[in-house]
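Let's take a walk through a protein model together. Have a look at the sequence and the 3D view, and then we will explore them step by step.

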Amino acid sequence: MHVIDSHTGGMPTRVILDGGPDLGSGALASRARRLARDHRAFCDGVLRAPRGQPGMVGALLLPPDDPDCATGVIYFDAGAVLGMCGHGTIGLGVSLSFLGRLSPGAIRVETPVGVIPLTLLDRNTVQLTNVESYRLRQSVPLDVPVYGRMTGDLAYGGNWFFIVDPSPVPVQPSNIRVLNDLALAIRDACESAGITGASGAKLDHVVLQCQSDDPTVHGRNFVLCPDDEYDRSPCGTGSSARLACLAADGRLAPGEEIVQESVIGSRYRLSYQPGPMGGILPTLTGSAHVMAEGRLIFEPGDPFREGIRY
Ligand code: PYC
């Protein structure tokens, strides 16, 4: 299995160039459902230690269904198959450029939730337009055991997010453990309360947002992902969901650019245009760096062939 590893603001992406499971043909969304249903061991083996690392997202390259797209891609972490992944798309663009498969310019990439136009601005910088993002519910009350009552917005940015703004705990590196515990409790409370995305979609990401002390930065976030790890980048899909809330509140005009920071200080530039279905089309710009290229080996007698699940 030929892979290339990069990180986007500290958040790792492993692009799988070949050697992945046979998911058949057809719409990428149905191939993603097949990956989630039948190939959990593959996902774990690629991403979990000892081959992978905490937080790592896999980007499985596949032939696109749409002939106008340069490639299809299904993103997954060690907890779930994702609809979309912003940091993964930036890592993908930079990795394809490293391999000489992408020159500065624009391509289209097909994901299970839609087509993503992507432009390589330079060898480390990618700009992408995410799928239409929107807020489903505003100020949803939630009783979180131990932490008490809070409210959050339920929004979509290619994945589903519960967004608490302002975070009851300051979003800073020294609080990462506390933020992780709080976000896990919020996600559990959403599940207990039956709070889901549209059509019962699982709400598997949580954003804790706060203002930044830096006047050039609009906000700082902590994002919990389905694998129970936090996003080291500002989370492309989470930032998109948050942009949709800002737009719905009239707090950000179309075309106005802001900087969003992650809990460890990685940055994206963000803006949006109105979308055709009443939501927004977010544009994200961020940087990634390639770290390694290699072949993963899964020996038959390896007791941790499928990764360490504890
Ligand atoms: O950047 O969209 C993102 C993302 C989702 C999960 C991890 N990163």
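We will follow a few strands and a helix, and then turn to the ligand.

This is a predicted model, in which local features need pLDDT of at least 70 and side-chain atom pairs count only at pLDDT 80 or more, while totals for chains, interfaces and linings use all residues. Residues are numbered from 1 along each chain as its sequence is written.

Start at strand β12, residues 219-224, which pairs in the parallel sense with strand β13, residues 258-262, over three bridges. (Helices, H or I with at least four residues, and strands, E with at least two, are DSSP runs numbered from the N terminus; two strands pair if DSSP finds at least two bridges between them.) R220 has E261 in β13 as its bridge partner. Together with helix α5, residues 236-248, these strands make a right-handed β-α-β unit: with the strands pointing away from you, the path from the first strand over the helix to the second runs clockwise.

Next, β13 is joined by four bridges to β14, residues 267-274, and these two run antiparallel.

Which residues surround the ligand? Among them are V57, H87, N159, D231 and T237, where a residue counts as near if its C-beta atom, placed from the backbone, lies within 6 Å. Helices α3 (86-98) and α5 each give two or more residues to this shell. At least three residues come from each of domain 1 (2-129 + 291-295) and domain 2 (134-274), with bounds from an automatic or database domain assignment.
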